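Subject: Structure for your review

Dear colleague,

Please find below the structure that I am handing over to you. My notes on what was found in it follow directly after.

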Amino acid sequence: QPQHTIRDAVVQRGRERTPFEFVALADLGPQTPTAVVRYEAQDLPNIDTILELQVAKGGLKGPWEIDPSSSAFIEMRARLIRVSDHTVLYDDTISCRSEERKYTAWAVQQGQPLYEAFIACLPRLTEKVIDDFFLVYPLATK
């Protein structure tokens, strides 16, 4: 599943690049894009925040015509939630888009180029989540 692949990549990268302890919580998050999980009601000892990752969309973007040029894309929603009071600390939609190709080029070898474009997005999505949520801090304004 793409969601588990992204989750595992974020956990690994978070462990490598941040001082925080990252733990994958199997299937604890929302099962649908509109579902809300109340983490303060869960038994989660030693866990103060939850990072929810949900693949919202994926596919090809391009004009509606015969054999259009299109690009592969993945759109993911990421939310950082404080467990104790369910406060959403950060909420963002992150996307990755590939180079353009003709539709027929995406379909060769049973869609292998499309699969490879999705796989190529994983490191970019992972880096964006770790950087934006855990390494880049907004400056205070006066």
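The charged end of K61 is placed over the ring of F73, 4.6 Å from the centre of that ring. Please keep in mind throughout that this is a predicted model.

F73 also has a part in strand pairing, as the bridge partner in β2 of G59. Strand β1 (residues 49-61) and β2 run antiparallel and are joined by twelve bridges. Strand β2 itself covers residues 69-82 and is mostly covered, with eleven of its 14 residues buried.

On to the next pairing: β2 and β3 are likewise antiparallel, and twelve bridges join them. One example is R79, whose bridge partner in β3 is D91. The hairpin of β2 and β3 has five residues between the strands, and H86 takes a positive phi near 60° there.

Strand β3 spans residues 88-102 and includes S98. Is S98 buried or exposed? Its relative accessibility is 15%, and because buried means under 20%, S98 counts as buried. Leaving aside neighbours within four places in sequence, S98 is in contact with S71, A72, W106 and A117.

The aromatic residues deserve a separate paragraph. The structure holds four aromatic pairs. In one of them, the rings of Y90 and F133 have centres 4.4 Å apart and planes at 85°, so this pair is edge-to-face. The pair links distant parts of the chain, since Y90 belongs to strand β3 and F133 to helix α2, 43 residues apart. Y90 is partly exposed, with a relative accessible area of 34%, whereas F133 is buried at 9%. F133 also pairs with F134: their ring centres are 6.4 Å apart and their planes stand at 40°, so the pair is tilted. F134 counts as buried too, at 10% relative accessibility. Ring pairs link F20, F22, Y90, F133 and F134 into a cluster.

Finally, I draw your attention to D131, which lies in helix α2 (residues 103-135). At 24% relative accessibility, D131 counts as partly exposed. Not counting residues up to four places away in sequence, D131 touches R17 and V136. D131 and G14 are 117 residues apart in sequence, yet their C-alpha atoms are 9.3 Å apart in space.

Yours sincerely,
A colleague

How values were computed
Residues are numbered from 1 along each chain as its sequence is written. This is a predicted model: local features need pLDDT of at least 70, side-chain atom pairs count only at pLDDT 80 or more; totals for chains, interfaces and linings use all residues. Side-chain values use heavy atoms; hydrogens and water are left out. Helices (H or I, at least four residues) and strands (E, at least two) are DSSP runs, numbered from the N terminus. Buried means under 20% relative accessible area, exposed over 50%, partly exposed in between (1.4 Å probe, protein chains only). Contact means heavy atoms within 4.5 Å. Two strands pair if DSSP finds at least two bridges between them. Rings of Phe, Tyr and Trp (its six-membered ring) pair if their centres lie within 6.5 Å; planes under 30 degrees apart count as stacked, over 60 as edge-to-face and the rest as tilted. A charge sits over a ring if NZ of Lys or CZ of Arg is within 6 Å of the ring centre and within 35 degrees of the ring normal.
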